[in-house]
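Please look at the sequence and the model first.

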Amino acid sequence: MYTISEVSKRFNISQRTLRYYHEINLLIPNVNHKTNYRYYDDAHLIDLQIIISLKKMGMSLDQIKGMLEGIRSKNTNHRLENAINLEISVIDKEVAKLMNRKNKLLRLKNGIELNPTMISFDIQRLLEYITHNDINKESTFPIQNFSAEEIEILKGLPNLDDPTAVNRDMRELLQMIGHGISKSNDLLEKQIYTKYLKVVPPLFNYNYNLEKKYFDVLEESASKEAKVIPFNQSFFNYVNQILVKFDERRH
């Protein structure tokens, strides 16, 4: 048996809260009516862990009360298993939140690395984009624009919002383009074109028409709102300038 003081210290929860849980019949301890002291057994501790876990998941006390009534069992092991499963659910939810925060930070880091000329206004736009928008690759190539076979190819494209999905050659190409937008020269343009031929056509299975159609869709989207980091109108203008200059297919 555990006193209310011992339970309070073990779970880092105030005695006032434990008394309140008793008052609303959420966690009813054993009471010594001579001393009016509250005592808790192992089953109470398991229930308290379940209550704490469900609160972390955002449930109200009324909801928790109904949940407890549904999962209580005379079998202590069963109750313990329920508590463990709920705590795992809480951990999974917290991990998902942390991964979401990590991915947002990586997107910001990636956007800055791929666009060395980014100014404070661009960074603010990128922050707003990351904060308020979920990345949806499907919206990049809507089904009405491409055949089912083409979409299968496009699904294999690297997600530029995920730094772990961008290989070294792609990163170098994007960084070269970022430098070229601010300060270009003939040598850099030729290097960009050479790198482009190495990196981009294989992604489209050397299907030039698909490659062009895909970037046309991206450019149209970028002219309205930059949705794919670091694709914006300056990016497309510069790349098109290089491709027209060196690529015979575009003449």
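A residue counts as buried under 20% relative accessible area, as exposed over 50%, and as partly exposed in between (1.4 Å probe, protein chains only). This is a predicted model, in which local features need pLDDT of at least 70 and side-chain atom pairs count only at pLDDT 80 or more, while totals for chains, interfaces and linings use all residues. Residues are numbered from 1 along each chain as its sequence is written, and side-chain values use heavy atoms, with hydrogens and water left out.

The predictor's confidence in each residue is pLDDT, on a scale from 0 to 100. Its average over the protein chain is 80, and 76% of the residues score at least 70. Over residues 134–138 pLDDT stays under 50, and the model has nine contacts for them beyond four places in sequence; a contact means heavy atoms within 4.5 Å. Where pLDDT is low, the predicted coordinates should not be read in detail.

Helices (H or I, at least four residues) and strands (E, at least two) are DSSP runs, numbered from the N terminus.

A nonpolar core is a set of buried Ala, Val, Leu, Ile, Met, Phe, Trp, Tyr and Cys residues joined through side-chain atoms within 4.5 Å. The largest one has 30 residues, of which Ile 192, Phe 204, Tyr 214 and Phe 215 touch the most other members. At least two residues of this core come from each of α8 (148–154), α9 (168–182), α10, α11 (208–224) and α12. Another core, of 20 residues, lies apart from it and includes Phe 11, Leu 26, Leu 48 and Leu 86.

Leaving out residues up to four places away in sequence, Phe 204 touches Ile 153, Leu 154, Leu 157, Leu 210, Glu 211, Tyr 214 and Phe 215.

How do α10 and α12 cross? The axes of α10 (residues 186–203) and α12 (residues 233–246) come within 10 Å and cross at roughly 85°. Axes are lines fitted to C-alpha atoms, for helices over the stretch in contact, and angles run from 0 to 180 degrees between N-to-C directions. Helices α10 and α12 are therefore roughly perpendicular to each other, a term for angles of 65 to 115 degrees. Among the residues that meet are Ile 192 and Tyr 196 in α10 and Ile 242 and Phe 246 in α12.

Notes
Angles under 35 degrees count as roughly parallel, over 145 as roughly antiparallel, 65 to 115 as roughly perpendicular and the rest as oblique.
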